[in-house]
Amino acid sequence: MNAVRASARPSPNADFALGLARAYAGALIFGLPMYMTAEMWELGAHLPAWKLAVLPLLFFPFLIGLSWHAGFEPTFSWRDDVVDALVAFGVGITASAAMLWLLKAMDGSSSLREEVGMVTLQSVPASIGALLAQSQLGEQPAGQALRGGVERWSSEVFIMAVGALFLSFNMAPTEEMTAIAERVGPLQALAIMGVSLALMHAFVYGVAFRGGAAGQEREPGWQLFLRFTVVGYAVALLLSAFMLWIFGSLAQLSLLAAVETVAVLGLPAALGAAAARLIL
(Lines give C-alpha, C1' and ligand atoms only; values in the text may rest on other atoms or scores of the structure.)
Protein backbone atom coordinates (compact mmCIF):
# COMPACT_ATOMS: atom_id res chain seq x y z
CA MET A 1 0.00 0.00 0.00
CA ASN A 2 2.81 2.43 0.93
CA ALA A 3 4.60 1.60 -2.31
CA VAL A 4 1.45 2.37 -4.29
CA ARG A 5 1.02 5.68 -2.49
CA ALA A 6 4.66 6.62 -3.03
CA SER A 7 4.43 5.82 -6.73
CA ALA A 8 1.26 7.90 -7.02
CA ARG A 9 2.98 11.01 -5.73
CA PRO A 10 4.17 13.34 -8.48
CA SER A 11 7.94 13.68 -8.79
CA PRO A 12 9.64 17.03 -8.12
CA ASN A 13 10.19 17.42 -11.86
CA ALA A 14 6.50 16.80 -12.51
CA ASP A 15 5.60 19.37 -9.84
CA PHE A 16 7.92 21.92 -11.44
CA ALA A 17 6.51 21.21 -14.92
CA LEU A 18 2.97 21.70 -13.61
CA GLY A 19 4.03 24.90 -11.84
CA LEU A 20 5.70 26.13 -15.03
CA ALA A 21 2.54 25.44 -17.04
CA ARG A 22 0.51 27.39 -14.48
CA ALA A 23 3.09 30.17 -14.63
CA TYR A 24 2.59 30.54 -18.40
CA ALA A 25 -1.17 30.49 -17.91
CA GLY A 26 -0.86 33.21 -15.26
CA ALA A 27 1.45 35.28 -17.46
CA LEU A 28 -1.06 35.17 -20.32
CA ILE A 29 -4.07 35.97 -18.13
CA PHE A 30 -2.43 38.88 -16.32
CA GLY A 31 -0.51 40.15 -19.34
CA LEU A 32 -3.20 39.90 -22.02
CA PRO A 33 -4.71 43.38 -21.46
CA MET A 34 -1.28 44.92 -21.97
CA TYR A 35 -0.42 42.69 -24.94
CA MET A 36 -3.45 44.12 -26.76
CA THR A 37 -2.83 47.78 -25.88
CA ALA A 38 -1.23 49.83 -28.64
CA GLU A 39 -0.01 52.44 -26.16
CA MET A 40 2.17 49.80 -24.52
CA TRP A 41 3.63 48.87 -27.90
CA GLU A 42 4.53 52.51 -28.56
CA LEU A 43 5.98 53.03 -25.10
CA GLY A 44 8.10 49.90 -25.34
CA ALA A 45 9.43 51.02 -28.69
CA HIS A 46 10.19 54.62 -27.75
CA LEU A 47 10.83 54.68 -23.99
CA PRO A 48 14.42 55.79 -23.23
CA ALA A 49 16.79 52.84 -23.02
CA TRP A 50 17.95 53.75 -19.51
CA LYS A 51 14.36 53.59 -18.21
CA LEU A 52 13.89 50.18 -19.82
CA ALA A 53 17.07 49.04 -18.06
CA VAL A 54 16.13 50.52 -14.68
CA LEU A 55 12.58 49.14 -14.63
CA PRO A 56 13.49 45.40 -14.48
CA LEU A 57 16.26 46.10 -11.94
CA LEU A 58 13.84 47.85 -9.59
CA PHE A 59 11.10 45.35 -10.29
CA PHE A 60 13.09 42.16 -9.68
CA PRO A 61 13.11 42.43 -5.86
CA PHE A 62 9.30 42.47 -6.01
CA LEU A 63 9.43 39.14 -7.83
CA ILE A 64 11.70 37.66 -5.17
CA GLY A 65 9.37 38.75 -2.38
CA LEU A 66 6.33 37.59 -4.31
CA SER A 67 7.92 34.18 -4.77
CA TRP A 68 8.24 33.90 -1.00
CA HIS A 69 4.54 34.71 -0.59
CA ALA A 70 2.92 32.97 -3.54
CA GLY A 71 5.41 31.43 -5.95
CA PHE A 72 4.42 28.75 -8.43
CA GLU A 73 6.22 26.09 -6.35
CA PRO A 74 7.10 25.82 -2.63
CA THR A 75 10.40 27.49 -1.71
CA PHE A 76 12.58 26.94 1.35
CA SER A 77 15.34 29.56 1.09
CA TRP A 78 16.08 32.93 -0.47
CA ARG A 79 18.13 31.13 -3.11
CA ASP A 80 15.00 29.22 -4.15
CA ASP A 81 13.08 32.50 -4.29
CA VAL A 82 15.72 34.11 -6.49
CA VAL A 83 15.61 31.11 -8.84
CA ASP A 84 11.81 31.25 -8.92
CA ALA A 85 11.94 34.98 -9.68
CA LEU A 86 14.37 34.35 -12.55
CA VAL A 87 12.13 31.59 -13.92
CA ALA A 88 9.08 33.88 -13.63
CA PHE A 89 10.94 36.66 -15.44
CA GLY A 90 11.93 34.19 -18.15
CA VAL A 91 8.30 33.10 -18.44
CA GLY A 92 7.22 36.74 -18.69
CA ILE A 93 9.76 37.47 -21.43
CA THR A 94 9.02 34.40 -23.55
CA ALA A 95 5.24 34.67 -23.15
CA SER A 96 5.37 38.37 -24.04
CA ALA A 97 7.55 37.81 -27.10
CA ALA A 98 5.26 35.01 -28.33
CA MET A 99 2.06 37.01 -27.84
CA LEU A 100 3.44 40.20 -29.38
CA TRP A 101 4.53 38.20 -32.41
CA LEU A 102 1.15 36.44 -32.61
CA LEU A 103 -0.72 39.77 -32.43
CA LYS A 104 1.58 41.29 -35.08
CA ALA A 105 2.85 43.96 -32.69
CA MET A 106 6.27 42.68 -33.76
CA ASP A 107 6.00 42.03 -37.49
CA GLY A 108 9.59 42.54 -38.61
CA SER A 109 9.10 46.21 -39.46
CA SER A 110 10.45 47.35 -36.07
CA SER A 111 14.11 47.52 -35.14
CA LEU A 112 15.65 45.05 -32.69
CA ARG A 113 15.90 47.85 -30.10
CA GLU A 114 12.15 48.58 -30.39
CA GLU A 115 11.19 44.93 -30.16
CA VAL A 116 13.41 44.35 -27.11
CA GLY A 117 11.81 47.41 -25.50
CA MET A 118 8.30 46.11 -26.14
CA VAL A 119 9.07 42.68 -24.73
CA THR A 120 10.87 44.13 -21.70
CA LEU A 121 7.95 46.38 -20.82
CA GLN A 122 5.31 43.70 -21.32
CA SER A 123 7.26 41.18 -19.27
CA VAL A 124 6.62 43.10 -16.03
CA PRO A 125 2.88 42.33 -15.60
CA ALA A 126 3.40 38.91 -17.19
CA SER A 127 6.05 38.01 -14.59
CA ILE A 128 3.70 39.01 -11.77
CA GLY A 129 1.03 36.80 -13.31
CA ALA A 130 3.48 33.92 -13.55
CA LEU A 131 4.16 34.06 -9.81
CA LEU A 132 0.52 34.58 -8.87
CA ALA A 133 -0.51 31.55 -10.91
CA GLN A 134 -0.24 29.14 -7.98
CA SER A 135 -2.49 31.14 -5.67
CA GLN A 136 -5.05 31.68 -8.42
CA LEU A 137 -4.87 28.49 -10.50
CA GLY A 138 -3.29 25.94 -8.16
CA GLU A 139 -4.94 23.77 -5.57
CA GLN A 140 -3.53 25.86 -2.73
CA PRO A 141 -1.08 28.73 -2.33
CA ALA A 142 2.59 27.80 -2.33
CA GLY A 143 3.63 30.82 -0.28
CA GLN A 144 4.87 30.85 3.27
CA ALA A 145 2.63 31.30 6.28
CA LEU A 146 2.59 34.81 7.71
CA ARG A 147 3.63 35.33 11.33
CA GLY A 148 2.69 37.95 13.83
CA GLY A 149 4.16 41.32 14.75
CA VAL A 150 6.50 43.25 12.49
CA GLU A 151 6.92 40.33 10.08
CA ARG A 152 3.19 40.14 9.43
CA TRP A 153 2.93 43.92 9.05
CA SER A 154 5.81 44.07 6.55
CA SER A 155 4.40 41.09 4.64
CA GLU A 156 0.97 42.65 4.31
CA VAL A 157 2.42 46.00 3.24
CA PHE A 158 4.53 44.21 0.63
CA ILE A 159 1.47 42.33 -0.67
CA MET A 160 -0.40 45.62 -0.97
CA ALA A 161 2.57 47.10 -2.84
CA VAL A 162 2.45 44.26 -5.39
CA GLY A 163 -1.25 44.85 -6.04
CA ALA A 164 -0.73 48.59 -6.35
CA LEU A 165 2.23 48.07 -8.69
CA PHE A 166 0.28 45.76 -10.97
CA LEU A 167 -2.76 48.00 -11.43
CA SER A 168 -0.79 51.24 -11.61
CA PHE A 169 1.50 49.66 -14.21
CA ASN A 170 -1.52 48.68 -16.29
CA MET A 171 -3.17 52.11 -16.16
CA ALA A 172 -0.31 54.61 -15.92
CA PRO A 173 0.57 54.44 -19.66
CA THR A 174 -2.96 55.41 -20.74
CA GLU A 175 -3.88 58.98 -21.69
CA GLU A 176 -7.00 58.76 -19.55
CA MET A 177 -5.03 59.32 -16.34
CA THR A 178 -3.87 62.79 -17.37
CA ALA A 179 -7.19 63.52 -19.13
CA ILE A 180 -9.15 62.79 -15.95
CA ALA A 181 -6.68 64.79 -13.88
CA GLU A 182 -7.26 67.80 -16.15
CA ARG A 183 -10.98 67.62 -15.41
CA VAL A 184 -10.68 67.53 -11.62
CA GLY A 185 -9.63 70.38 -9.40
CA PRO A 186 -7.74 70.32 -6.12
CA LEU A 187 -10.87 69.75 -4.02
CA GLN A 188 -12.02 66.86 -6.19
CA ALA A 189 -8.53 65.36 -6.10
CA LEU A 190 -8.73 65.44 -2.29
CA ALA A 191 -12.14 63.77 -2.52
CA ILE A 192 -10.65 61.04 -4.73
CA MET A 193 -7.94 60.46 -2.16
CA GLY A 194 -10.51 60.25 0.64
CA VAL A 195 -12.64 57.79 -1.31
CA SER A 196 -9.54 55.72 -2.13
CA LEU A 197 -8.65 55.46 1.55
CA ALA A 198 -12.22 54.60 2.56
CA LEU A 199 -12.63 51.93 -0.12
CA MET A 200 -9.26 50.40 0.64
CA HIS A 201 -10.06 50.12 4.33
CA ALA A 202 -13.60 48.86 3.76
CA PHE A 203 -12.52 46.20 1.25
CA VAL A 204 -10.00 44.60 3.58
CA TYR A 205 -11.09 45.32 7.14
CA GLY A 206 -14.71 46.40 7.02
CA VAL A 207 -16.07 43.53 4.93
CA ALA A 208 -15.72 39.84 5.78
CA PHE A 209 -13.96 38.90 2.53
CA ARG A 210 -11.72 35.86 2.24
CA GLY A 211 -8.20 36.97 3.09
CA GLY A 212 -9.34 39.81 5.34
CA ALA A 213 -7.57 40.80 8.50
CA ALA A 214 -8.01 37.53 10.32
CA GLY A 215 -6.63 37.44 13.83
CA GLN A 216 -6.64 41.23 14.12
CA GLU A 217 -10.23 41.70 15.27
CA ARG A 218 -9.11 42.74 18.76
CA GLU A 219 -7.11 45.70 17.50
CA PRO A 220 -8.91 49.07 17.55
CA GLY A 221 -10.18 50.12 14.14
CA TRP A 222 -8.18 53.35 14.16
CA GLN A 223 -5.00 51.37 14.79
CA LEU A 224 -5.65 49.08 11.83
CA PHE A 225 -6.45 52.13 9.72
CA LEU A 226 -3.15 53.84 10.56
CA ARG A 227 -0.91 50.75 10.48
CA PHE A 228 -2.24 49.15 7.32
CA THR A 229 -4.61 51.32 5.30
CA VAL A 230 -2.74 54.62 5.55
CA VAL A 231 0.65 52.98 5.03
CA GLY A 232 -0.68 50.87 2.15
CA TYR A 233 -2.23 53.91 0.50
CA ALA A 234 1.01 55.88 0.87
CA VAL A 235 2.83 53.02 -0.86
CA ALA A 236 0.17 52.99 -3.60
CA LEU A 237 0.65 56.74 -4.18
CA LEU A 238 4.45 56.41 -4.31
CA LEU A 239 4.23 53.57 -6.83
CA SER A 240 1.66 55.52 -8.86
CA ALA A 241 4.00 58.52 -9.00
CA PHE A 242 6.89 56.27 -10.01
CA MET A 243 4.90 54.60 -12.78
CA LEU A 244 3.71 57.96 -14.14
CA TRP A 245 7.28 59.22 -14.09
CA ILE A 246 8.65 56.12 -15.82
CA PHE A 247 6.11 56.47 -18.62
CA GLY A 248 6.70 60.22 -18.97
CA SER A 249 3.17 61.20 -17.96
CA LEU A 250 4.38 63.80 -15.44
CA ALA A 251 6.66 65.59 -17.90
CA GLN A 252 5.88 69.30 -18.31
CA LEU A 253 3.13 69.19 -15.68
CA SER A 254 2.94 71.72 -12.88
CA LEU A 255 3.33 70.43 -9.34
CA LEU A 256 -0.41 70.74 -8.70
CA ALA A 257 -1.31 68.96 -11.93
CA ALA A 258 1.19 66.18 -11.14
CA VAL A 259 -0.30 65.70 -7.67
CA GLU A 260 -3.80 65.53 -9.16
CA THR A 261 -2.65 62.92 -11.70
CA VAL A 262 -1.04 60.83 -8.97
CA ALA A 263 -4.28 61.06 -6.94
CA VAL A 264 -6.29 59.82 -9.94
CA LEU A 265 -4.00 56.84 -10.54
CA GLY A 266 -3.90 56.27 -6.78
CA LEU A 267 -7.56 55.19 -6.84
CA PRO A 268 -7.05 52.00 -8.92
CA ALA A 269 -3.68 51.47 -7.25
CA ALA A 270 -5.35 51.50 -3.82
CA LEU A 271 -8.01 49.05 -4.99
CA GLY A 272 -5.27 46.85 -6.44
CA ALA A 273 -3.49 46.91 -3.09
CA ALA A 274 -6.67 45.91 -1.26
CA ALA A 275 -7.44 43.17 -3.79
CA ALA A 276 -3.94 41.72 -3.47
CA ARG A 277 -4.34 41.58 0.31
CA LEU A 278 -7.57 39.60 -0.17
CA ILE A 279 -6.16 37.25 -2.82
CA LEU A 280 -2.71 36.31 -1.45
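Is Phe 158 buried or exposed, and what is its relative accessibility? At 18% relative accessibility, Phe 158 counts as buried, where buried means under 20% relative accessible area, exposed over 50% and partly exposed in between (1.4 Å probe, protein chains only).

## Basis of the model

The model is predicted: local features need pLDDT of at least 70, side-chain atom pairs count only at pLDDT 80 or more, and totals for chains, interfaces and linings use all residues. Residues are numbered from 1 along each chain as its sequence is written, and side-chain values use heavy atoms, with hydrogens and water left out.

## Aromatic pairs

Five aromatic pairs are found in a search of the whole structure. Rings of Phe, Tyr and Trp (its six-membered ring) pair if their centres lie within 6.5 Å; planes under 30 degrees apart count as stacked, over 60 as edge-to-face and the rest as tilted. The pair of Phe 62 and Phe 158 is stacked, because the ring centres are 5.9 Å apart and the planes are at 25°. Phe 62 belongs to helix α4 (residues 49-70) and Phe 158 to helix α7 (residues 149-171), so this pair ties together parts that are 96 residues apart in sequence. Helices are DSSP runs (H or I, at least four residues), numbered from the N terminus.

Phe 169 and Phe 247 form an edge-to-face pair, at 5.4 Å centre to centre with 70° between the planes. Both residues are buried.

One aromatic cluster comprises Trp 50, Phe 242 and Trp 245. Lys 51 lies over the face of Trp 245, at 4.9 Å from the ring centre (criterion: NZ of Lys or CZ of Arg within 6 Å of the ring centre and within 35 degrees of the ring normal).

Terms used. Helix = DSSP H or I, 4+ residues; strand = E, 2+ residues; numbered from the N terminus.
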